[in-house]
Amino acid sequence: MIYLDNAATTRTAPEVVEAMLPFFTEQYGNPSAIYSLGSAAGKAVNQAKRTIAGAIGAKQEEIYFTAGGTESDNWALKAAAEACEEKGKHIITTKIEHHAILHTCEYLEGKGFEITYLDVDQDGLVDPAVLEAAIRPDTILISVMFANNEVGTMEPVQEIGAIARARGVLFHTDAVQAFGQVPVNVQEMKIDMLSASGHKMNGPKGVGFLYIRSGLKMTSFIHGGAQERNRRAGTENVPGIVGLEAAVVRALARMEEKAAKEIRLRDYLIDRIEKEIPYCRLNGHRTRRLPGNVNFSFRFVEGESILIMLDMKGICGSSGSACTSGSLDPSHVLLAMGLKHEEARGSLRLTLSGENTREELDLVVEELKRIVGRLREMSPLYEDFIRREGSKR
Ligand code: PLP
């Protein structure tokens, strides 16, 4: 198998599993209990908070564990909206956010909030000047993703943070795809809330965190016990939290080397596809993109068909975000970047890990050439196109 869907999820690293195991079998105490078995678990949770806070330039008490990126996004938006609604009911986001943000915004619209969905350019970039112009006296929150999950484009987060802070508006960023891959610092980037998830960086699934800058008025998201300083009730997922910490330590230790390797492989794959497969288009910014992201549209073919044929060869990719694959709707991200429906439908996302090799990519390119060629042979649109091209000569 050649696994090229690391933006959907990653393999849990062996050292992460190893770190988690004792918290199932021996140190299984409830962190809220006062006996030592419980307090040992509590200490592990606090240690994980310290480690993660250190990784993003935050303080221990600013980290709240959640059940992953989706919960962190929901919490950030709903709680900020509720806490600030006396000031205003206007929120700014972008057209290319993950559905965890977009569907939460739709929910808030139903509650009387007004949302501005910013356009992006052909590379998926938000223009900070356009964002600034969209701020109104009743704007309470800006939510712009750190890096896009489909095309890998990295947004100008630092500039947006500076604008938001200067204008007194809260700034949330969904860093689910970026954290663990590229440096993130909430102080330098003036980020008030940040969402992240374990399973995108070789950690366990179903665990993540929300950073909430201290001093922010934020309502509690899940009601119940007094865990997480009364802000997120429920017995902590101790093995998951310990696993998340181990994944963060691992990711930070190898970030530079891994990114450099992925960029080399990514650019090699992009070059070969562009040179060897006609009528394709690279989606996303060429350089301001996540180290491991490759996303192409192939004209006259369906991304889903490419995926199925790649799968028959043991190659895993994606034709959009994991959450939307299975539906045949073209990607909202690609449409927002100005692609036509048929171009958006012909998209393929291949996302690398530090473990992929050039030999694997050579195999993938050979398969891809064959698959795209075969699908085009079956396409009446392609036949028409070739005939018209021929008659022009
Ligand atoms: N936000 C982004 C940008 C993502 O890519 C994802 C997952 O694909 C999520 C949020 C949701 O994260 P989780 O799967 O941890 O709920």
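Reader: How many cavities of 30 Å³ or more does a search of the whole structure find?
Author: One. A cavity here is a set of points, on a 1 Å grid over the protein atoms alone, where a 1.4 Å probe fits but cannot get out; lining residues have an atom within 4 Å of a point. Bear in mind that this is a predicted model: local features need pLDDT of at least 70, side-chain atom pairs count only at pLDDT 80 or more, and totals for chains, interfaces and linings use all residues. Residues are numbered from 1 along each chain as its sequence is written, and side-chain values use heavy atoms, with hydrogens and water left out.

Reader: How much space lies in the largest cavity?
Author: About 50 Å³. That volume is the space filled by probe spheres set on the grid points, which are joined across faces, edges and corners.

Reader: And which residues line the largest cavity?
Author: Gly180, Gln181, Met201, Asn202, Arg250, Ala251, Arg254 and Lys258. By class, that lining has two nonpolar, three polar and three charged residues. In this scheme Ala, Val, Leu, Ile, Met, Phe, Trp, Tyr, Cys and Pro are nonpolar, Asp, Glu, Lys and Arg are charged, and the others, Gly among them, are polar.

Reader: Is Asn202 buried or exposed?
Author: Buried, at a relative accessible area of 13%. Buried means under 20%, exposed over 50%, and partly exposed in between, using a 1.4 Å probe and protein chains only.

Reader: Where else is there a positive phi in a residue other than glycine?
Author: Arg229 has one, near 50°. Arg229 is part of helix 8 (residues 227-230).

Reader: OK, switching to the ligand. Which residues come nearest to the ligand?
Author: Thr70, Asp174, Gln177, Ser197 and Lys200, out of 13 around it. Helix 4 (residues 69-84) gives the largest share of the shell, three residues.

Reader: What's the class breakdown of the shell around the ligand?
Author: Two nonpolar, eight polar and three charged residues.

Reader: Which polar side-chain atoms lie 2.6 Å from a nitrogen atom of the ligand?
Author: One belongs to Asp174. On the oxygen side, a ligand oxygen is 2.6 Å from a side-chain N or O atom of Ser197, and a ligand oxygen is also 2.6 Å from a side-chain N or O atom of Lys200. The ligand taken alone exposes 390 Å², and the protein buries 90% of that. Those areas come from the Shrake-Rupley method with a 1.4 Å probe.

Reader: Back to helix 4. What does the side chain of Glu71 reach?
Author: The backbone nitrogen of Ala67, at 3.0 Å. Glu71 is in helix 4 and counts as buried, at 11% relative accessibility.

Reader: And Asn293, what does its side chain contact?
Author: The side chain of Arg289, in a polar contact of 2.6 Å. A polar contact is a pair of N or O atoms within 3.5 Å; within protein, one must be able to donate a hydrogen and the other to accept it, and residues adjacent in sequence count only if both atoms are side-chain atoms. A polar atom of the Asn293 side chain also lies 3.1 Å from the backbone oxygen of Glu150. Asn293 is in strand 10 (residues 293-298) and is buried at 2%.

Reader: Last one: what volume does the largest pocket have?
Author: About 410 Å³. Of its 17 lining residues, Arg299, Phe300, Val301, Glu342 and Leu381 are closest to the centre. A pocket is an open set of points with protein on both sides within 12 Å along at least five of seven lines.

Reader: Which helix supplies the largest share of the lining of the largest pocket?
Author: Helix 14, with five residues. Helix 12 (341-345) and helix 14 (380-392) each supply at least two. By class, the pocket lining has seven nonpolar, two polar and eight charged residues.

Definitions and conventions
Helix = DSSP H or I, 4+ residues; strand = E, 2+ residues; numbered from the N terminus. Near = heavy atom within 4 Å.
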